[in-house]
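Welcome, and thanks for taking a look at this one with me. Below are a few notes to read alongside the view.

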Amino acid sequence: MRAKTITDRQFAAIQPKPDKQFSFGNLGAGGLAAVVSPGGTKTFYFHYCAPITRRRSRIKIGCYPAWSLAKAREEARRLRVKVDSGDDPRKEKIEAVRNAKLRSIVTVEDLWLDFQKRGGDAQKSSAFYQSIWKNHVGPTFAKLDVRDFNRDAILDFLDDKRLRESASLANRSQGLVTRLATHGVERRIFQNTPAHNLGKKPKEGSRKRVLSDDEISKFWQWLSCPTLRAEGGITEQLAIALKLCLLTACRRTEVSGSAWSEVDRPSAIWTLPGSRTKNKRE
């Protein structure tokens, strides 16, 4: 015996279970089901088999009562017609989201700004990536249509960098381009990352150059002389920072980002917190 289709009044009267969510069908349209959360939210879904893969899938229709039962039935019937015609509603929705992203992210510069806005540069190396974008990646890609930010364009850019720049700079540029491409996938602008199989990174040589005692002496005297500093465009604050780098072997960002709260004046100890060191150790 066929079960009786639920009415709108009966659907509205369904109460949630405090300990778990539950679902039920038989809502008057093939594939239409609803999920009731412990908090009482009732969400309509359309269940179907994908036309090509035959894999079971579902797509969210909306929540009750913004979507009435009658309206949900009408949408489920519309989606059923698309499935029977060989279309996949889930792919259609993903493409719609992608097109909406493309309307707001038109150029690679838009992608970079979106990457920053969503915390992509929330790290100690953010200032470095800003410099890489401004001086190296941005001049090539900023005004490029994001749809043309593809593997060929990236490889052409990296080939030029590897020929003209140091291995370190070429690799840092590749790192930023890869992060942008991955962000594009996460934002559903690209179905697959365009930064795949970019070739072997050039080997970076270790730095062996150090200052001699004589060079250190001249450097210190130059930083201490207001006239020489003025000729070189070096402020007194920058001179102090450079002296601290020389005396402590700390990184530029560690010195420039220092605060008095990190300094214990009575014991004359400056403690770098793990949040500001490269290895995240104090």
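1. Which side chain of opposite charge is nearest to Arg73, and how far away is it? Keep in mind that this is a predicted model. The nearest one is Asp8, at 6.8 Å. Arg73 has no salt bridge, although the residue is buried.

2. To find Arg73, look in helix H2, which covers residues 69-84. Leaving aside residues up to four places away in sequence, Arg73 is in contact with Thr5, Ile6, Leu27, Gly28, Ala29 and Leu32.

3. Next, please turn to strand E3, residues 42-49. Of its 8 residues, 6 are buried, so this strand is mostly covered.

4. On one side of the pairing story is strand E2 (residues 32-36), which joins E3 in the antiparallel sense over 5 bridges. Within this pair, Ala33 stands opposite Tyr45 of E3. The hairpin of E2 and E3 has 5 residues between the strands, and Gly40 takes a positive phi there, near 100°.

5. E3 also pairs with strand E4 (residues 56-64), again in the antiparallel sense, over 8 bridges. Here Phe44 stands opposite Gly62 in E4. In the hairpin of E3 and E4, with 6 residues between the strands, the positive phi belongs to Arg54, near 65°.

6. A tip for viewing: in a regular strand, side chains alternate between the two faces of the sheet.

Terms used. Residues are numbered from 1 along each chain as its sequence is written. This is a predicted model: local features need pLDDT of at least 70, side-chain atom pairs count only at pLDDT 80 or more; totals for chains, interfaces and linings use all residues. Side-chain values use heavy atoms; hydrogens and water are left out. Helices (H or I, at least four residues) and strands (E, at least two) are DSSP runs, numbered from the N terminus. Buried means under 20% relative accessible area, exposed over 50%, partly exposed in between (1.4 Å probe, protein chains only). Lys and Arg count as positive and Asp and Glu as negative; His and the chain ends are not counted. A salt bridge is a side-chain nitrogen of Lys or Arg within 4 Å of a carboxyl oxygen of Asp or Glu. Contact means heavy atoms within 4.5 Å. Two strands pair if DSSP finds at least two bridges between them.
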